[in-house]
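Subject: Handing over the structure

Hello,

Here is the structure you will be working with. Please open it first, then read my notes alongside.

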Amino acid sequence: MSEFEFGNPEIIEEEVDILIIGGGMAACGAAYEIGPWIKAAESSLGRELKVKLVDKAALPRSGAVAQGLSAINTYLGENDPADYARMVSNDLMGITRDDLVYDLGRHVDDSVHHFEDWGLPIWKQPGDEGKKLVEGGKPVRSGKWQIMINGESYKWIVAEAAQKALGTDNIQERVFIVKLVNDKNDPNRVAGAVGFSVREHKIYVYKFKACLLVAGGCVNIFRPRSVGEGTGRAWYPVWNAGSTYAMAAEAGAELTMMENRFVPARFKDGYGPVGAWFLLFKSKAINAYGEEYLSKEGAQKLLEPYHPYNKAYVTPTCLRNHVMMDEMINGRGPIYMDTVTALAKLAETMTPKEIKHLEAEAWEDFLDMCIGQAGVWAGENIEPEKKNSELMPTEPYLLGSHSGCCGIWVSGPEDLGAPTEETHPEKDKIPSHLPSGWHWGYRSMTTVKGLFTAGDGVGASGHKFSSGSHAEGRIAAKAMVKFAIDNKDWTPELDTPVEELVEEIYKPVRNFIEHKDYTTAIDINPHYITPKMLQFRLQKIMDEYVAGVATWYRTNAKMMEVAEAKLEMLKEDAEKMRAKDLHELLRAWENYHRILAAEAHMKHIQFREESRYPGFYYRMDFNFIDDENWKCFVNSVYDKKTKTWTVFKRAHVDLVDKTQSYNN
Ligand code: SFD
Ligand code: AMP
């Protein structure tokens, strides 16, 4: 018997000025920045600003930072934001928005200073312990951009500041937003959002002037390496279900670079991140024969064709994978992180006490952010100072904040982006849609009026990480407050009646109630499919045809034709997903979002007839980089009425001079 048999959901309607969808790093940044405006807006509005933050989980442990982190990957310190823009561009193979990246680079440190003020322990150099960053305390840098933290409680700390700024009454936890609703009088504007409680029988209908959609990236559209007993393990969080991309697309927002994905090299089976090992412990990856494959002559040959994108000191992330995969495919695997040599080398100049501390740090790196990896070490009797650990490229993830750049096309800062003779000697060649850079509206606003995004939502940038996502949330928040004040006399009207929206959300419930008695086995029914089974089908299609691990990340036009046909059938069957309880309703809607995000990913890969990111994916029918035709953004717009995608090119321009040599 299902709990849904006891009646229809209660409907709660609320009108606010600003709705924040998500409770992760970007959302917390936005909440922190908006908080003081609740009262301050009174002078221009004649009343308080109404703001609501809705998160599908609980703020202190939601989003990608839920488990904590052991490093802040973006802290500029003494570095130049222009150099940061160069690094991001180089790592993402030349196609990024310099205006967005530079703008973030010049603002991100302020968020980190706040984290420290709020209580986040940031490692300091000997002699500077107890001295804050703003007081000149020198952080322990693992790399040029990264600093080390004791970050198990990172999200708690950041969430607490957000709660304090916004007020807990303005935060609604455990509400999953299903879709945005366009405005009745202007289809290119958002007016509302609908969702449901994952704990109670309640549907929430929000109306607003502006909305920040920051529901993270997309995980689990590809069959993960962890199956069977390991199902549910992933590197990026499985609760990032593509909601940002899917809801934005359905509302009509232009997406960008959805072909991009991140395939991280990770510690095998536990998905432990590698950054601290490579950067802090100075460890090397080796093949089965003990060779440092990345510095072999063969590797240099492999990388030669990509020279324009391999001119920085650090080989781009995808190209590092490219070399690693070549080793594995050609029988020189397994690949190992040589923890033994790295720790021994560091220990050479240490006292026994310092060595013990070092070994503890090796464990803490995982205990702070990826406990499962510490579990694998314990379970497999791995002591990193005695035994090396295997590395493996994972299944693909869609994200815009880490080492990937898919997402939504947003308006950039006003004061950057208009190319001048100085920033761009070939100014005349800049296409006409860029006369004033990429600024067409309020900062961080998408191409849909009133819809803003940040963090994983913003495409064509990347390498923002936790700190950058927080800073981007703050940047968007300022613009949204301005937008809400500028539009104070505008009243949102939903283009769809509330009853229709409620019926749509509860369709999986109706599917279940109507057909459940047809069978004696609750999961087997010709009239419905469980969300779990549907997810397996999506993962199989993407894995086998759209360059998942099954084909070593390789695909071609013909394979994607098959994928397209299968996805069409999957979408038909998705209409028949069942929800026997609120948990399955959540899973059903996450799947709808995943399917749309997956479809966008595939459409973009189909469109881009080259292999821009070797090591992330290969179009085997165009297995090269073609700058002449494809050094451009690939953008797309989804039409929710016809359910079709229009994919197109947008010109790319370097606003920061990339010809300078730099050392990242
Ligand atoms: O080690 C809905 N990240 C790292 N960043 C760093 O700075 N240092 C590191 O060390 C990093 N590493 C790392 C990282 C992430 C993970 C998982 C691991 C290791 C294991 C990356 C950052 O965490 C990441 O860049 C930011 O968190 C991105 O921020 P944002 O705000 O874009 O996404 P989010 O934090 O995941 O938040 C999403 C929120 O949305 C909610 N949500 N709410 C309502 N309705 C819906 N439909 C919703 N769908 C989602 C979620 O609950 C959440 O609150 S390392 O690998 O390099
Ligand atoms: P990861 O742990 O792989 O998510 O990486 C954390 C940070 O370290 C990111 O800023 C990465 O770009 C960087 N990083 C990871 N591996 C390497 C490497 N081999 N060389 C240089 N930077 C790296």
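How much space lies in the largest cavity? About 50 Å³. Before going further, note that this is a predicted model: local features need pLDDT of at least 70, side-chain atom pairs count only at pLDDT 80 or more, and totals for chains, interfaces and linings use all residues. Residues are numbered from 1 along each chain as its sequence is written, chains are lettered from A and ligands numbered from 1 in the order in which they are written, and side-chain values use heavy atoms, with hydrogens and water left out.

**The cavity**

A cavity is a set of points on a 1 Å grid over the protein atoms alone, where a 1.4 Å probe fits but cannot get out. Lining residues have an atom within 4 Å of a point. Grid points are joined across faces, edges and corners, and a volume is the space filled by probe spheres set on the points.

The search of the whole structure finds one cavity of 30 Å³ or more. The elements that give two or more residues to the lining of the largest cavity are S5 and helix H12 (352-369). Helices (H or I, at least four residues) and strands (E, at least two) are DSSP runs, numbered from the N terminus. H12 gives the most to this lining, with four residues. The residues that line the largest cavity include Trp123, Met148, Phe281 and Asp368. By class, the lining has five nonpolar, one polar and four charged residues. Here Ala, Val, Leu, Ile, Met, Phe, Trp, Tyr, Cys and Pro count as nonpolar, Asp, Glu, Lys and Arg as charged, and the others, Gly among them, as polar.

**Glu152**

Look next at Glu152. This residue lies in the loop between strand S5 (147-151) and helix H6 (154-166). Glu152 is partly exposed, with a relative accessible area of 34%. The cut-offs are under 20% for buried, over 50% for exposed, and partly exposed in between (1.4 Å probe, protein chains only).

Which residues does Glu152 touch, leaving aside its neighbours within four places in sequence? Its contacts (heavy atoms within 4.5 Å) are Arg61, Gln67, Gly68, Leu69, Leu367 and Asp368. Gln67 is 85 residues from Glu152 in sequence, yet their C-alpha atoms are 6.5 Å apart in space.

Glu152 also makes polar contacts. A polar contact is a pair of N or O atoms within 3.5 Å; within protein, one must be able to donate a hydrogen and the other to accept it, and residues adjacent in sequence count only if both atoms are side-chain atoms. One of 2.8 Å joins the side chains of Glu152 and Arg61. Another of 2.8 Å joins the side chains of Glu152 and Ser153.

The chain is divided into domain 1 (3-65 + 156-260 + 401-486), domain 2 (265-392) and domain 3 (498-625). These bounds come from an automatic or database domain assignment. The centres of domain 1 and domain 2, taken over C-alpha atoms, are separated by 34 Å. Eight residues of domain 1 are in contact with six residues of domain 2.

A pocket is an open set of points with protein on both sides within 12 Å along at least five of seven lines. The second largest pocket holds about 800 Å³ of space. Its lining has 36 residues, and Val238, Gln535, His583, Arg587 and Glu590 lie nearest its centre. Helix H17 (531-545) and helix H19 (582-607) are the elements that give two or more residues to this lining. H17 gives the most, with seven. The lining divides into 11 nonpolar, 10 polar and 15 charged residues. Domain 1 and domain 3 each supply at least three residues.

**Buried parts**

Helix H7 (residues 243-250) is largely enclosed by the rest of the structure, because seven of its eight residues are buried. Just after H7, Gly252 takes a positive phi of about 100°.

Thr530 sits in the loop between helix H16 (507-515) and H17. At 7% relative accessibility, Thr530 counts as buried.

**Backbone details**

Ser444 is not a glycine, but has a positive phi of about 75°. Ser444 counts as buried, at 1% relative accessibility. Asp269 also has a positive phi of about 75° and is not a glycine. Asp269 is partly exposed, at 35%. The peptide bond from Gly333 to Pro334 is cis, with omega near -5°.

Best wishes
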